[in-house]
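Open the model in your viewer and keep the selection tool at hand. This tour goes stop by stop.

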Amino acid sequence: MVTLREPILKPVPIEELRPTQITVGMREVRAKRKAWRAKAEAAGDKAGEFLGNHMIPAIRGPRGRYYVIDHHHLSLALHEEGVKDVLVTTVADLSRLDRESFWFVMDCHDWMHPFDAEGKRRSYEDIPKSIEDLIDDPYRSLAGELRHVGGYAKDTTPFSEFLWADFLRRRVKRKELDRDFEAALAKALEFAKGRDADYLPGWCGPVAE
């Protein structure tokens, strides 16, 4: 494995990027689309500066393909808004590995999250081949919004939002989430401040003296 320490940027077509997870929160994707549209309209010809400040970290894998390890939501949002290319920064070059070895290394480094919309682990073969084929996990949307309203702090733990999504999946019923997102969010906020969530990254509940 070759780890690149200096940021080497490369423009890559979004449609050629490979995901390393199965799901996203489509509610968050829609919010990022709206935010990008507003920035693009306000910035005009300088909209590219926004993209330059939001580089997509990726692993270079077999056949020289780029596998996204963060910013899946942003990548999908930009794709749906008609953006063709993004700047990719290569975190590591694993292009010499065969496919099985590649995914083994990805898994060991927490550079992949092969869990479906029900929170069940799947084979790496079930990971979509393109950004546009990512599927919706409403609990990932709930976890993302929970962080935005202060339910927990941003954390560097890989796939931390998915850990929160799994926590909420076992406490907030799907029918409640589908019927009234805001009510489900209020319920999620109560759970997030409880001691049952203190093992999760970014937990910021009250601590008894």
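The stops below run from the whole chain to single residues.

**Before you start**

This is a predicted model: local features need pLDDT of at least 70, side-chain atom pairs count only at pLDDT 80 or more, and totals for chains, interfaces and linings use all residues. Residues are numbered from 1 along each chain as its sequence is written, and side-chain values use heavy atoms, with hydrogens and water left out.

**Stop 1: the whole chain**

Select the protein chain. It holds 8 helices and 7 strands. Helices (H or I, at least four residues) and strands (E, at least two) are DSSP runs, numbered from the N terminus. Of the 209 residues, 44% count as buried. Buried means under 20% relative accessible area, exposed over 50%, partly exposed in between (1.4 Å probe, protein chains only). Now consider contacts, meaning heavy atoms within 4.5 Å. Among contacts with a separation of 6 or more, 74% come from residues 24 or more positions apart.

**Stop 2: helix 3**

Select residues 72–80, which form helix 3. How many of the 9 residues are buried? The count is 7, so helix 3 is largely enclosed by the rest of the structure. Colour the buried ones: His72, His73, Leu74, Ser75, Leu76, Ala77 and Leu78. Then step on to glycine 82, which follows helix 3 and has a positive phi, near 90 degrees.

**Stop 3: the aromatic rings**

The structure holds 8 aromatic pairs. Rings of Phe, Tyr and Trp (its six-membered ring) pair if their centres lie within 6.5 Å; planes under 30 degrees apart count as stacked, over 60 as edge-to-face and the rest as tilted.

Select tyrosine 67 and phenylalanine 102. Their pair is tilted, at 4.7 Å centre to centre with 50 degrees between the planes. Tyrosine 67 lies in strand 5 (residues 66–68) and phenylalanine 102 in helix 4 (residues 99–108), so the pair ties together parts that are 35 residues apart in sequence. Tyrosine 67 counts as buried at 2% relative accessibility, and phenylalanine 102 counts as buried at 1%.

Phenylalanine 102 and tryptophan 103 make an edge-to-face pair: 5.1 Å centre to centre, 70 degrees between the planes. Tryptophan 103 is buried too, at 5% relative accessibility. Finish with Tyr124: ring pairs link Tyr67, Phe102, Trp103 and Tyr124 into a cluster.

**Stop 4: proline 114**

Where is proline 114? Look in the loop between helix 4 and strand 7 (135–136). Proline 114 counts as buried, at 1% relative accessibility. Leaving out residues up to four places away in sequence, proline 114 touches Ile22, Lys120, Arg121, Arg122, Ser123 and Ile127.

**Stop 5: two crossing helices**

Select helix 5 (residues 138–148) and helix 8 (residues 181–192). Their axes come within 10 Å and cross at roughly 65 degrees. Axes are lines fitted to C-alpha atoms, for helices over the stretch in contact, and angles run from 0 to 180 degrees between N-to-C directions. Show the side chains in contact. Helix 5 brings Ser141, Leu142, Glu145 and Leu146. Helix 8 brings Phe181, Ala184, Leu185, Ala188, Leu189 and Ala192.
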